[in-house]
Amino acid sequence: MTEREKIFTRIRDALKTQAPMPGHHGSSHKPHAISEARNAIAGARQWLPDPGADSAAWLEQFQKLSAELKTVVHLCNDEADVHSKLRELALAEGWRKVAAHRHPLISPAATAIALPALETDGGYDANEMAKCDVGITACDALVAQTGSIFLTTRSAGGRALSVLPPHHVVIAHRDQLVPDLPAAFELMTRLYGENQWPSMSTLITGPSRTGDIERILVLGAHGPRKLTVFLI
Amino acid sequence: MSDVAIAPRAQFFEDADRITHDTEHRRRIQTAMGKYYVSRYSRQALFRNWQEARQTAAETKWAALKELDKHLEAFERNATARGTQVHWTSTGEQARQVIVDIIRRHNARRIVKSKVMTSEEIHLNQLLEQLGYDVIESDLGEYIQQLKGEPPYHFVFPCMHLSREEISDLFENHLGTAQTHDPEELTMIARRVLRQKYIDADIGITGANFVVADTGMISITENEGNARLTAALPRVMITLVGIEKVLPKFSDLALFLPMLATAGTGQPLTGYNTMYAGPKQPGESDGPIEWHVIFLDNNRTALLADPQQRDALHCIRCGACLNVCPIFKNVGGLSYGTTYQGPIGSVITPHFRGLQDWKHLSGASSLCGACTETCPVKIDLHHHLLHNRRNAIDEKRGFLEGMLWRGFTFLINRPKLFSLSIKLGRLFQPLHALVKGTIFDPAAAWTKSRELPEVAHESFRDYWKRRQSK
Ligand code: SF4
């Protein structure tokens, strides 16, 4: 028997006796079907924090949480507005090199900054990326409920672009904002569905942080110290 | 496998005694936990119904374990379809062997790790260091503990017991950096040292918080970004995970991720929740060319076989039960001598490493139930401490204790003899003062820190008789 078979045999033997349902004390098993409402995604939704009723409320919630998390959010009228704000930021922070990926929103922005740029598509040198001051990416969704950004290796130029440079800039459209986590997971399933999954998807909630030293919050533990979102 | 030099019980009592008398240590823990309380419970209050959310989480885990074999098979099927290599190991020894084989096959030298609690369980670092590999912990707290040569103090807050001064000393000694007492500067020192390590490493080792069956993903929760870098830059990625970490559906994460964050640290969501579905796929710009997922049993199936305590496998390792535990806050995390500290550690360690060696942890509890109350997946923790006590006695009865109970049963069944013994007790109690605190004291264990209550001047029987005859 292989080790795999041995483990599965032990599991199946163990599962011959059923365990009591959670919350039902007593040693004898009382079988209950998991209530559909609880298990269904709509069920989880009604117990999670309230993201607000409409897209205006969601935006407000996203901005409020972002402020708590120290994510900077800029509301922009159009792409030209993003580009001019990006140029200001580049100047203010003294960027010398940017990293980006090929994308209808991102490529024009990288060009507009007019600095040497590394593109991750088709592979890159990690040492070169480590020298970049900023990583600019698109994303799949923004989540109002938690102030998060949902992106994947496919939508955001790989695994490292959004975590290795010290500043992560996200450019997104306002209609990418979803109210809550269940909606975000539904969206991801719609986008990538059966076995089309990118090898990495991540929910980013604020810049990199740690509280490991005396539980005092410090930003930029290993990942970006700054997270900026441009919302068109 | 166990490499404890002294008996776990003796070590526990010795360390617990020392730490409970260290007021500075306790103050530090209390301050940290005070901060936790504020953020956790205010975040929890934002849930529209936390109790229903808990019940749903508990039922989801219950259902996941009920069909654990099917979910693990589904994971394997979905993950291997994208080129992931899945390994199955029954013991720590086997898991270590699989890891060493992968490292050797790639002629790797440098290994970077993100937080992997299961690797503490199988003493992976010690082995890899012995074999001469350069192994580095990248989570800040774990890195500090690695420099200190100590296991993690708390499985969520690994170095919460250290002051910034101690950390500064550690950095000065090991890295030659200048003294600083600013947490931010200390963090930046570690950031600078570790950054190059990710880029240079041949192999990245991670743990996993959830194994998602229907999509063949693993999900990693972290705040620092070190796990993301560990999974992005090295050529080969290894994930070591316990077989119980399964969630049936991708959408289950929508509930579990915010609950883990709320119970663990009081955040709306932890900084990074990353789902890995395979090694680098065609058309992707980076990522490891090989990904190995190693499933570890290490006696988890023994716990699964106990239907009464099976729910201990629901644990999502949020650490909340440690944070609220009055015992943890007094004896400290290292006293436990276990990979998993606090109430959950006291419950599962006897299953993983032997009931008789670890039963004392189940005795070290006030049974206040704070752990059960706070657990986001409703594990019946304090009852499991009682179950462990019962099972330990059923398995091995103490001779003296047995005699004592038999004597008591004999006495209590004979009213005349019982009342006589009470009278004798009353008569002889004053003599106890003569031996109190000496080795002749029969009640020494009790009187060491307490007073023996005085035997009542009149027994209830006598009182009742007197009252009736009035
Ligand atoms: S037992 Fe419950 S409270 Fe304790 S760490 Fe596990 S999930 Fe958290």
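Two strands are said to pair if DSSP finds at least two bridges between them. Strands (E, at least two residues) and helices (H or I, at least four residues) are DSSP runs, numbered from the N terminus. The model shown here is predicted: local features need pLDDT of at least 70, side-chain atom pairs count only at pLDDT 80 or more, and totals for chains, interfaces and linings use all residues. Residues are numbered from 1 along each chain as its sequence is written, chains are lettered from A and ligands numbered from 1 in the order in which they are written, and side-chain values use heavy atoms, with hydrogens and water left out.

**View 1. Two paired strands of chain A.** Strand β2 (residues 98-100) and strand β4 (residues 134-137) of chain A pair in the parallel sense, over 2 bridges. The bridge partner of A:Ala99 is A:Gly135, in β4(A).

**View 2. The open sheet of chain A.** In chain A, 6 strands with parallel pairing form an open sheet, in the order β1-β12-β7-β4-β2-β3. Its edge strands, each pairing on one side only, are β1 (71-75) and β3 (117-119) of chain A. From one strand to the next, the twist averages 20°. Angles run from 0 to 180 degrees between N-to-C directions, and axes are lines fitted to C-alpha atoms, for helices over the stretch in contact (heavy atoms within 4.5 Å).

**View 3. A helix across the sheet.** Helix α4 (residues 55-69) of chain A lies across β1 and β12 (226-231) of chain A. This helix runs at about 145° to β1(A).

**View 4. A salt bridge between the chains.** A salt bridge is a side-chain nitrogen of Lys or Arg within 4 Å of a carboxyl oxygen of Asp or Glu, and by this rule the count over all chains comes to 30. One of them joins the side chains of B:Asp69 and A:Arg12, at 2.9 Å from N to O. The pair crosses between chains, from helix α4 (residues 68-80) of chain B to helix α1 (residues 3-14) of chain A. B:Asp69 is buried, with a relative accessible area of 10%, whereas A:Arg12 is partly exposed, at 37%. Here buried means under 20% relative accessible area, exposed over 50%, and partly exposed in between (1.4 Å probe, protein chains only).

**View 5. Salt bridges within a chain.** A:Lys16 forms a salt bridge with A:Asp13, the closest N and O atoms being 2.9 Å apart. A:Lys16 is exposed, with a relative accessible area of 66%, and A:Asp13 is partly exposed, at 42%. In chain B, the salt bridge between B:Asp252 and B:Lys249 has its closest N and O atoms 4.0 Å apart.
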